[in-house]
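Work through the exercises below with the sequence and the structure at hand. Try each task before reading its solution.

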Amino acid sequence: MDKFIIEDLCIRYSDGAESLKNVSMRIPANSITVIFGPAGGGKSTLLRVLNRLNDLADVVHVSGKAQILDEKGNALDILHPQTDVTALRRRVSMVFARPIVLPMSIRENLTYGLKTAGERNKERLEEAVERSLKQAALWDEVKDRLDTPAAALSGGQQQRLCLARSLALEPEVILLDEPTSGLDPISTSKVEASLQELKQNYTIIMAPHSVQQAARMADQAAFFLQGELIEYAPSKVIFLTPQDKRTEDYIEGRFG
């Protein structure tokens with residue numbers, strides 16, 4: 001089932017740069033879609049379109065279609081001026097490359113969004129804290145110090161806390177813009193393992209920090225170059241080695 005339908009999407013900024021050019025793609029639910037390519041290719045722009053963070057940028061032209069679908073197949077027009085952006089961002093959360101923790105305790109980082117949304121039941125708040133930390137593979141490391149400052153955590157732990165903070169609000173989609181670019185290999189491995197588990201219940205779209213990570217993580221992959229979608233296919237097609245491609249061509253009868 002599709003989670004996003006994007007058709008002929010174009011974005012142009014005030015400096016004349018056209019960040020996305022006639023992009024069309026369908027992003028499936030409950031999977032990991034990676035968006036990769038050289039810097040300036042439009043990867044971050046596409047992520048920010050999906051939860052309207054581009055509203056905060058100097059965009060002078062937007063055209064095309066971008067829809068998010070619920071479990072029943074009902075579509076919401078993301079780009080429509082009357083779309084409730086706050087509600088959209090609760091459905092579509094985002095984790096950035098640099099972890100930004102709130103100047104509060106670990107617990108308060110996780111309950112802040114829920115309290116802002118009106119949740120006051122202490123039992124539900126505590127349940128959300130434990131659930132989200134377990135989903136982000138951080139619970140065992142911090143369960144005995146939830147009331148200590150979040151800023152005291154290591155960089156890798158802070159990034160997983162940011163992931164947990166998004167999960168506490170139970171979004172439908174998690175967007176990740178190079179979420180492990182500043183992490184050590186062990187922390188990177190933990191984040192990647194968490195994401196592989198989370199795709200059972202969430203739609204995950206990420207711009208990885210390397211092609212190697214894209215190949216490890218992707219169920220399907222999209223290659224962007226200078227704002228254009230060059231190729232979009234299942235991971236096993238995109239990341240075939242040259243030898244694999246020759247074998248596939250032979251099997252399909254492309255060579256005699």
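**Exercise 1.** In what order do the four strands of the open sheet with antiparallel pairing stand?

Solution. The model is a predicted one.
- Step 1: The order of the four strands is E2-E1-E4-E5.
- Step 2: Strand E2 (18–28) and strand E5 (75–77) are the edge strands, and each pairs on one side only.
- Step 3: From one strand to the next, the twist averages 5°.
- Step 4: Strand E4 (residues 59–69) is joined to E5 by three bridges in the antiparallel sense. Gln67 has Asp77 in E5 as its bridge partner.
- Step 5: Helix H1 (residues 43–50) lies across strand E1 (2–13), E2 and E4, and runs at about 120° to E1.

**Exercise 2.** Find the order of the six strands in the open sheet with mixed pairing, then explain why one side of E6 and of E10 is left without a neighbour in the sheet.

Solution.
- Step 1: The strand order is E6-E7-E8-E3-E9-E10.
- Step 2: Strand E6 (92–95) and strand E10 (228–234) stand at the edges; each has a single partner strand, so one side of each has no neighbour in the sheet.
- Step 3: The average twist from one strand to the next is 15°.
- Step 4: Inside the sheet, strand E7 (residues 173–177) and strand E8 (residues 203–207) run parallel and are joined by five bridges. Leu176 stands opposite Met206 in E8.

**Exercise 3.** Which strands does helix H7 touch?

Solution.
- Step 1: Helix H7 (residues 185–198) packs on the sheet and touches strand E3 (32–36), E7 and E8.
- Step 2: The direction of H7 makes about 145° with that of E8.
- Step 3: A further helix, H6 (residues 155–168), lies across E6 and E7 and runs at about 170° to E6.

**Exercise 4.** At what angle do helices H3 and H6 pack?

Solution.
- Step 1: Helix H3 (residues 106–116) packs against H6 at about 30°, and the two axes are 8 Å apart.
- Step 2: Angles under 35 degrees count as roughly parallel. H3 is therefore roughly parallel to H6.
- Step 3: The crossing of H3 and H6 is right-handed.
- Step 4: On the H3 side, Ile106, Asn109, Leu110 and Leu114 take part; they meet Leu161, Ala164, Arg165 and Ala168 in H6.

**Exercise 5.** How many aromatic pairs does the structure hold, and which residues do the ring pairs link into a cluster?

Solution.
- Step 1: There are two aromatic pairs.
- Step 2: The ring centres of Phe36 and Phe223 lie 5.3 Å apart and the planes stand at 50°, so this pair is tilted. Phe36 is in strand E3 and Phe223 is in strand E9 (residues 220–225), so the pair links parts of the chain 187 residues apart.
- Step 3: The rings of Phe36 and Phe239 have centres 5.4 Å apart and planes at 35°, so this pair is tilted. Phe239 lies in the loop between helix H9 (235–238) and helix H10 (242–251), so its pair with Phe36 in strand E3 ties together parts that are 203 residues apart in sequence.
- Step 4: The ring pairs link Phe36, Phe223 and Phe239 into a cluster.

**Exercise 6.** Is Phe36 buried or exposed?

Solution.
- Step 1: Buried means under 20% relative accessible area.
- Step 2: Phe36 has a relative accessible area of 11%, so Phe36 is buried.
- Step 3: Phe223, at 24%, is partly exposed, and Phe239, at 22%, is partly exposed.

Notes. Residues are numbered from 1 along each chain as its sequence is written. This is a predicted model: local features need pLDDT of at least 70, side-chain atom pairs count only at pLDDT 80 or more; totals for chains, interfaces and linings use all residues. Side-chain values use heavy atoms; hydrogens and water are left out. Two strands pair if DSSP finds at least two bridges between them. Helices (H or I, at least four residues) and strands (E, at least two) are DSSP runs, numbered from the N terminus. Axes are lines fitted to C-alpha atoms, for helices over the stretch in contact, and angles run from 0 to 180 degrees between N-to-C directions. Contact means heavy atoms within 4.5 Å. Rings of Phe, Tyr and Trp (its six-membered ring) pair if their centres lie within 6.5 Å; planes under 30 degrees apart count as stacked, over 60 as edge-to-face and the rest as tilted. Buried means under 20% relative accessible area, exposed over 50%, partly exposed in between (1.4 Å probe, protein chains only). Angles under 35 degrees count as roughly parallel, over 145 as roughly antiparallel, 65 to 115 as roughly perpendicular and the rest as oblique. A crossing is left-handed if the near helix is turned anticlockwise from the far one by less than a right angle, and right-handed if clockwise.
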